[in-house]
Amino acid sequence: MKTLVIVSHPDVQGSNSQQFLKESLPVSEDITYHHLETTYPDENINRQAEQALLVAHDRIIFQFPLYWYSSPPLLKKWQDEVLTEGFAYGVGGQALVGKELGLVLTVGIAEQAYQAGGAEQFALSQLLIPYQAVANKVGMRFLAPFAIHQFQYMTEREQQALLIRYQQYMTLPDLSLSARVNWFIEQLEAEADSFEMDQVIDVIEDLQLEIDEMRLHLNYGGR
């Protein structure tokens, strides 16, 4: 599986979160890091080159800071100019069918603010529906968004757990809970000396939280 990480950030060098994510990417021929503002400082997007990149990859990731409930403007311009009729949709527009679209978001506000009754009043999943609609329009499978809330307040332990989850999002063909657990076990067996016990505990706690949330959902849905 080949992954294309399309990053949009007007000051990527000055962003601690974006630099952390860039350094966290595994060194692999199967992962392409593509920062739009660096590639197109004049915002003159090369449509053919961008479409060729999309065709050459299986999982497409939009990575950006959440600005006013959306992306920075260059990513929107990229969508308008690259996802054209005859390529992404319409007659003959089958180039993206069967590929995956994922989102990696950095958010400056706490996670609990994004819910009914919270400060923002809407869940993040609701605000990101336009991207899900794009995926549906062009025949892509929409992945559950990967949201990073308040990176600046994360402890070193939390950042290490984030690194593991981010690498999984970039590389695992199957993002199910069982697949991520198996990946983590394989990494532990292969590189046990490089993992600190705190990292192991954090990842296990994250996985347990997901299991608990699924149980609550199943219990609620069964009533």
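Hi everyone. Let me start with a definition: the expected span of a helix is 1.5 Å times one less than its number of residues. Keep that in mind as we look at this structure, which is a predicted model.

Take helix α7, residues 156-171. Which residues of α7 are buried? They are Ala161, Leu162, Ile164, Tyr166, Gln167, Gln168, Tyr169 and Met170.

Now, on to the aromatic rings. How many aromatic pairs are there? The count comes to 7. One of them is formed by Phe62 and Trp78, and this pair is edge-to-face, with 5.5 Å from centre to centre and 80° between the planes. Phe62 sits in strand β3, residues 59-65, while Trp78 sits in helix α4, residues 73-82, so this pair links distant parts of the chain, 16 residues apart.

Are these two buried or exposed? Phe62 has a relative accessible area of 2%, so Phe62 is buried, because buried means under 20%. Trp78, at 1%, counts as buried too.

Let's go back to α7 for another pair. Phe146 and Tyr169 form a tilted one, 5.3 Å centre to centre with 50° between the planes. Phe146 lies in strand β6, residues 146-149, and Tyr169 in helix α7, so the pair ties together parts that are 23 residues apart in sequence. Both Phe146 and Tyr169 are buried.

One last thing to find on your screens: Phe62 and Trp78 belong to one aromatic cluster together with Phe64 and Tyr131.

Technical notes:
Residues numbered from 1 in each chain as written. Predicted model: local features only at pLDDT ≥ 70, side-chain atom pairs only at ≥ 80, totals over all residues. Heavy atoms only, no water. Helix = DSSP H or I, 4+ residues; strand = E, 2+ residues; numbered from the N terminus. Buried < 20%, exposed > 50% of the residue type's maximum accessible area, 1.4 Å probe, protein only. Phe/Tyr/Trp six-rings, centres within 6.5 Å; stacked < 30°, edge-to-face > 60°.
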